Amino acid sequence: MNTLAAFALLTIKSPRDAAQRILAQNWPREALWTAFLLSVVLNTCVYTLQQVLFPLPPEVLLPRFAPGAYFAVVLVLQLSFIAMLSTTGRWLGGQGSLASLLALVTWLQLLQAGLNGAIVAVFLVLPALAALLNIAANIVVFFILLHFVNAAHRFGSVWRSLGVVLMASMILVFALLFIVGLIGPANLGLPENV
């Protein structure tokens, strides 16, 4: 457990070094996919805990998912995002493989699940501090993601990895909007006219 905490601290302090250590390992395919599924399960557990402890008021127009549906949505979105990071990175001259990005994003998701769990605990005691910690954690996770993408594609520039992340995100958003348009907002429990 101390090794895991030390590596989490290294990831926050020096994401480039953490990425190099992750990429230097020869991860078996089964281990990668098991860790990825574990990260989705842990994020689902944190989401469910947040919904139980701090339910959103009914007037907030955000979709509310059952744990199983949330798991499925996060699983599909994460896999799509990793595939888009790999594809758009190669469009910009990167060398990152799907497996290397899967390893890096999986570790980042595990780290984020731990951070979110800690923020939920702080929220029970100091809600204002928890809100600030949540903002800080999201900024740190984004910063780490940029360095991870940079290391995976061997760009040598965080700005190019920012371009990859933005392109991957935009493609994913447009794909989701297209799918929601095909299915119909009312079928997803969303208002048709906003």
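A residue is buried under 20% relative accessible area, exposed over 50%, and partly exposed in between, using a 1.4 Å probe and protein chains only. F123, with a relative accessible area of 31%, is therefore partly exposed. This is a predicted model, where local features need pLDDT of at least 70, side-chain atom pairs count only at pLDDT 80 or more, and totals for chains, interfaces and linings use all residues. Residues are numbered from 1 along each chain as its sequence is written, and side-chain values use heavy atoms, with hydrogens and water left out.

**Aromatic pairs**
- The structure holds five aromatic pairs. Rings of Phe, Tyr and Trp (its six-membered ring) pair if their centres lie within 6.5 Å; planes under 30 degrees apart are stacked, over 60 edge-to-face, and the rest tilted.
- Y47 and Y70 are stacked, 3.8 Å centre to centre with 0° between the planes.
- Y47 sits in helix α3 and Y70 in helix α4 (residues 67-91), 23 residues apart. Helices (H or I, at least four residues) are DSSP runs, numbered from the N terminus.
- Both Y47 and Y70 are buried.
- F54 and F123 pair edge-to-face: 4.5 Å centre to centre, 70° between the planes.
- F54 is partly exposed, at 27% relative accessibility.
- Ring pairs also join Y47, F65 and Y70 into a cluster.

**An exposed leucine**
- L124 belongs to helix α5.
- L124 is exposed because its relative accessible area is 56%.

Technical notes. Helices (H or I, at least four residues) and strands (E, at least two) are DSSP runs, numbered from the N terminus.
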